[in-house]
Amino acid sequence: MSAMMGARLDLAPFLLSPSPSPSRPSPALRLRTSSPTAAAAARTRLLAPRAAAAATAVSAKPAAAAPLSADRSVVRLGLPSKGRMAELTLSLLKSCQLSVRQLNPRQYTADIPQVPNLEVWFQRPTDIVRKLCSGDLDLGIVGYDIISEYAQGNDDLVIIHDALDFGHCRLSLAVPKEGIFDSINTLEDLLNMPQWTEERPMRVVTGFGYVGAKFLKEKGFKHVSFLAGDGALESYPAMGMADAIVDLVSSGTTLRENNLKEIEGGVILESQATLVASKKSLNRREGVLEISHEMLERLEAHLTASGKIMVTANMRGNSAEEVAERVLSQTSLCGLQGPTISPVYCTLDGNVAVDYYAINVVVPQKSLYKSIQQLRSIGGSGVLVSKLTYIFDEETPRWRKLLSELGM
């Protein structure tokens, strides 16, 4: 049990303390707040997320951000160092013409040749968030779940792009399918179970102690004991070590195969990869705002184009307006703002004439065949299909939102 730490949730001051074993209650381990000094000390104790083997309590609030380092002029970007998240991050950046160049795979530093004065640091996702908070990184790509747990409400962090379209998962509460949970299908059912008392709290194992405790407090749970677990959390209920788990879920297959179920209202947050930055760096470090703008523009343009294709076809008509009217009558051919219609010039009896019009329209890739059928039905021919890499629109709303949050 050295890899676990128990914590009792007391919702009066809302804090976590070491929790006694359900089988052998130990008064010495219960939270006591009879004196102001003890109460103040207790309020600072919180379950350490993704705790290592040592059961060490940590502050409920993130550490204060360090002053912006004046001796560093280069801008630092933190990227995940290992695993699927790292692979998908590099792939996305490459698709945006922001290929990361790492000369030595054993080193933790790299660069992006297209962006001068940008230094890439490969880090664990948890360390990316911590170093953004401390000012040692300026920008980072990391999952929203990690930001929520490890930033713990630090208002110096700002999310520049909240939907990079990979790393999708949800942080969810799950309970066993059988036994006392057989008829428990909603969060309200779980809350109203008579089994949970001060002497016998609901035991929840998780690596997301901050987010999990905050969620259950907001939902009205009063008797909860948290255990910190790192990996294979699905085994804890089966071994009698926990009543429920709070863990990341993608498809839910692992839960089902371990006789666990999600319950209605038990999704704590939805997560995917995000681009995040330090407000202090954006406001005070030269180059950070400009690099953020370029990265946001490239990411936004590429993600907007993703899954869309350009369809070009020729169509006979008496005028561009007549052709446009026919095209707009088809639901799959409306494009981004509408189809682009242009004349196709040819030589007819020695004179330049317009007999055909070219139609350009952007359609979802999944609707390609339907779009071609509709084009043919209104007289389209010679259909060409082109893959899109970028769609640069007007100034992205995310950029305007960022400037507003920075007070600019």
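A salt bridge here is a side-chain nitrogen of Lys or Arg within 4 Å of a carboxyl oxygen of Asp or Glu. Select Asp127 and Arg124 to see one, with 3.1 Å from N to O. Now colour by accessibility: buried means under 20% relative accessible area, exposed over 50% and partly exposed in between, using a 1.4 Å probe and protein chains only. Asp127 is buried at 17%, whereas Arg124 is exposed at 51%.

Before moving on, note that this is a predicted model, in which local features need pLDDT of at least 70, side-chain atom pairs count only at pLDDT 80 or more, and totals for chains, interfaces and linings use all residues. Residues are numbered from 1 along each chain as its sequence is written, and side-chain values use heavy atoms, leaving out hydrogens and water.

Next, select Glu87 and Arg84, a salt bridge whose closest N and O atoms are 3.5 Å apart. Both belong to helix α2 (residues 83–95), and because they are three residues apart, about one helical turn separates them. Helices (H or I, at least four residues) and strands (E, at least two) are DSSP runs, numbered from the N terminus. Arg84 is exposed, at 58% relative accessibility.

Now go to Asp243 and Arg203, whose side chains form a salt bridge at 3.1 Å, N to O. Asp243 sits in the loop between α7 (235–238) and β11 (244–249) and Arg203 in strand β9 (residues 202–206), so this pair ties together parts 40 residues apart in sequence. Both residues, Asp243 and Arg203, are buried.

The whole structure holds 17 salt bridges.
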